[in-house]
Amino acid sequence: MTAVLARIRALPSWQVTLTGALFVLGFLIAAQLAAEGPRIRYTSQERAPLIETALGLQEQQDALQTRILELRAQIVELEGEEPGSEALVRQINAALEHARIAGGLVQLTGPGIIFRLEDADNPGPERDSLVTARDIRTLVQELWLAGAEAASINSERVTTGTAVLDIGNAILANSAYLAPPYEVRAIGPDDLYERLTTSASFIEFVRSRIEPYGLRLSFSELDAVTVPAYAGTIRSRYGRPDPSAEPVR
Amino acid sequence: MIRSRRRWAITLVAAILGVLVVAQLRSQAANPGLSNLSAQELTLVIANVNTRNESLRAEVADLERTVASLTDAHDRGESALDELRSDLAALEAWAGLTPVVGPGVSIRVTGEIGGEGVEDLLNELRNAGAEAVAVEAVRVVAGTVVYGLPGGLSVENTALPDGFEIRAIGSSQILTGTLTRAGGVIAQLGATYEGLTISVTPLDVVSIPATERNLVPGHGTPSL
């Protein structure tokens, strides 16, 4: 025993430190593996590549959306330089600008509210303690009814074709995955918050959905809220302008 | 020599620990929501995001064609008015500023239903790819909400009759299939509202009017 201690004492101090660090690391890894049951370990192994795939697709989506916004800006610039008849070009460009703003293809900044909607602090096994797509839809609808003129959910602009869906515990808007916490932005009149909070249906939403299940709803009223431009597709496969409608130009 | 080996050993351990810590932090911070999903939920999210990426790629290709066409006309000193007109027609139709026609469905709703139930139906139509939707004579655009309690529904300040129609343009097969599938939105609404009947009829031609809503912002400033 004395001989062993003497040999340890003879070792350089850096070797002892390193051995100690590696021992702690090994202990932590073993403890982590032992703490996970066989089922969890199996699902963890299955989920890791799926999470990687989802993150990779999300990155691609962000890049595609940026590209769409760049191309749209380029088109606006080229259309402005159109060499045709000046009056006609001006008229069409003004109509294009109006349609882009009306459809939500342009970023908007103005007075408004930013809401943050989060799951309950300690969500139980029940789905009710988690934010659902319907909760987000209800909040957006209440904002529209209170006079909001533009809205977004996380970075997705709410447009004429926006669906907000539950996929299990995940929420999608415009088919884009929304990472929690959920942020709903709205631009509207100065009294938007007052109108919202005095609306009977909003009060009912807070009473029946937010309070009893511990969902967390917070807000900020700001002079300048920015609602992003819609960076998705506007391609039409089935519908076409009604030929019987009176031509505008 | 010994000092060099010592340095290498410490550097190696520090590097391994660094990689492990960064990987752990990244996997937790990159997307806290995704790490809470089951394998099945992740698969569904991947399928949805993938489908959206395909449609975004198609949009990018379309926009690149438009840029090329405008640049080409510009370089030759020619007018691209036709391109502008076609862009304008597509944009106005999509935004709800002009009437549109196309194949789709007519949905007849009879019996008592609340505004949130109708909104669930509209949300499912959008999810199924409806390109334009109208509730009776009102075009549904951003900001349009069907609200009220059963028996007292309104949309854009217009009361809805007891039996009303929703029309949508899109693939009549996909729209019908999505709405009427077992456990789908119609089945769920039928379980919530007693006596409610929702029938879906595929049509070759559906007409949807333009919106009467003023979509020009009065409070926000656009960043053009």
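My notes follow, starting with the ground rules.

This is a predicted model, so I keep in mind that local features need pLDDT of at least 70 and side-chain atom pairs count only at pLDDT 80 or more, while totals for chains, interfaces and linings use all residues. Residues are numbered from 1 along each chain as its sequence is written, with chains lettered from A and ligands numbered from 1 in the order in which they are written.

**Chain A.** I get seven helices and nine strands here (DSSP runs numbered from the N terminus: H or I of at least four residues, E of at least two). Of its 249 residues, 33% are buried (20 or more other C-beta atoms within 10 Å of the residue's own, C-beta atoms being placed from the backbone).

**Core.** I looked up the largest nonpolar core, which has 104 residues (buried Ala, Val, Leu, Ile, Met, Phe, Trp, Tyr and Cys joined through C-beta atoms within 7 Å). A:Ile136 and A:Val184 touch the most other members. Leaving out residues up to four places away in sequence, A:Ile136 touches A:Val184 itself, and also A:Leu117, A:Val131, A:Ile153, A:Val164, A:Ile171 and A:Tyr182 (contact is C-beta atoms, placed from the backbone, within 7 Å).

**A against B.** The contact takes 88 residues from chain A and 91 residues from chain B. On the chain A side, helix H3 (residues 38-80) gives the largest share, 22 residues.

I find E1 (residues 108-118) of chain A pairing antiparallel with E9 (residues 221-222) of chain B over two bridges (pairing takes at least two DSSP bridges). A:Leu108 has B:Pro222 as its bridge partner in E9(B).

Methods. A residue is buried if 20 or more other C-beta atoms lie within 10 Å of its own, exposed if 12 or fewer, and partly exposed in between; C-beta atoms are placed from the backbone. Two residues are in contact if their C-beta atoms, placed from the backbone, lie within 7 Å.
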